[in-house]
Amino acid sequence: MFKTKIHDEVPAQTQTLIGPGITVEGNFTGAGDVTIQGSLVGTLQTTKNVHIGPQAKVSADITAKDILIEGSVSGNVKCYGTLHLKSTATVEGNMETNVIAVELGAQVKGKCVSGIGDVMPEELPAKGDHREKNGVKNKEVLKR
Amino acid sequence: MYFYFYDTFLADKKYTDVLSRIETRTLHLGLQGKIERCALLKNAEEIIAEAILKGYKNIIAVGDDASFYKVMKVAAGHEVTIGFIPIGKESVFARVFGIPMNELACDTLSKRVIENLDLGKINDHYFFSGLKIEAKKVSLRCDDEYTVHVEGGGSELEVCNIGCFDDNDMQRPVYNAHDGFLDTIIHHAPKNRRFFFWEKNQTAASRSIFPVRKVRIEAEAPVKIVADGQVVLKTPVTVTVAKKKIKMIVGKDRLI
């Protein structure tokens, strides 16, 4: 009569979520997409995408594929995909990116260089790679 | 050869019928083996350890989720394959592993779809589903690279291999158990900010997720940690992932 229900919310790939009220200090190397709504101090590297929420405060150098900034960033940003600055974004630092998109209202204090190319360097640790098994990505292995 | 571990509660007469059907089914499928029942003078750990020493390569837990934990704790680290025949109406692990209840689980055993699953290790204890920690001013040192500070009360902290499933709360997500990571989850309590009647009642509860291979949990005062809903430890502790530590017979509808 009462069926046990378990939410099948298995993420297809590793994602890191830094929620509000959480402070992370140190060298953060994400294994997949990284979403920040709290605070981060140090460095942030990932081979995937970074989303910095409107209430987030990041004092770190960031290296990622695609980066979406809605909050405050104090540090250098290196993006090998598209760097998107929303209207609420505040960036204090230099930016190097392949493609940049800036909304009206975004504030930037620093140099900006675009067209750096979309090939990420090999020395960036790719934590996500080992999760593929025989070339099949995990989202295909996981079944409902 | 198969070794069937029958948990204590199966001695009750109401389980005679289902056990009889299971034994008949295993016979038909060619899965017969030795059956040992947990009794007053026989400790579960001793029974299973003895079976492994005797050379049984397939240890099958017959019972409920607690029975599976008993087998997993002893069999972890040994070269054996673990199976599970869930008895009763509901089982969280039956759903997670895609194993049907009662005698139908024997068909899953016969198909022998095996998954190598990770375990978590907290100090010297292995755990399978996850840890629950009171998140009162704890700090997490993750992968020896960064530190996470949890501010404020009302938070719940979990370190999950597949997920933390309480008896009364089955509405939990299932995490990947063979990715080589443990998912450290901080649940933030929703804030009640209703000063005026026209304001919305609560902000939605949110959570933070950190996939880690190693995490050191420390707190100002010792904090209770519950592993797999059973074992209780206290901080400070170091939690690591034991990659592909157990071999598990699973069904095709598994969630992991």
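Modeller: Here is a short tour of chain B, topic by topic.

Modeller: First, the ground rules. This is a predicted model, where local features need pLDDT of at least 70, side-chain atom pairs count only at pLDDT 80 or more, and totals for chains, interfaces and linings use all residues. Residues are numbered from 1 along each chain as its sequence is written, chains are lettered from A and ligands numbered from 1 in the order in which they are written, and side-chain values use heavy atoms, with hydrogens and water left out.

Biologist: What is the mean pLDDT of chain B?

Modeller: The mean is 85, and 88% of the residues reach 70 or more. pLDDT is the predictor's confidence in each residue, from 0 to 100.

Biologist: Where is the pLDDT below 50?

Modeller: Over residues 199-204 of chain B. That stretch still has 13 contacts in the model beyond near neighbours in sequence. Contact means heavy atoms within 4.5 Å. Where pLDDT is low, the predicted coordinates should not be read in detail.

Biologist: And the complex, what ipTM does it get?

Modeller: The predictor gives an ipTM of 0.76, with a pTM of 0.78.

Biologist: How many helices and strands are in chain B?

Modeller: Five helices and 16 strands. These are DSSP runs, numbered from the N terminus: helices are H or I with at least four residues, strands are E with at least two.

Biologist: How much of chain B is buried?

Modeller: Of its 256 residues, 52% count as buried. Buried means under 20% relative accessible area, exposed over 50%, and partly exposed in between (1.4 Å probe, protein chains only).

Biologist: New topic. Which residues form the aromatic cluster?

Modeller: Phe68(B), Tyr69(B), Phe84(B), Phe93(B), Phe97(B) and Phe128(B). Rings of Phe, Tyr and Trp (its six-membered ring) pair if their centres lie within 6.5 Å; planes under 30 degrees apart count as stacked, over 60 as edge-to-face and the rest as tilted.

Biologist: How many aromatic pairs are there over all chains?

Modeller: The search finds 14. One is Tyr2(B) with Tyr4(B), stacked at 6.3 Å centre to centre, with 20° between the planes. Both tyrosines, Tyr2(B) and Tyr4(B), are buried.

Biologist: Is Asn102(B) buried or exposed?

Modeller: Buried, with a relative accessible area of 17%.

Biologist: Which peptide bond is cis?

Modeller: The one joining Thr235(B) and Pro236(B), with omega about 0°. Pro236(B) lies in the loop between β15 (231-234) and β16 (237-250).
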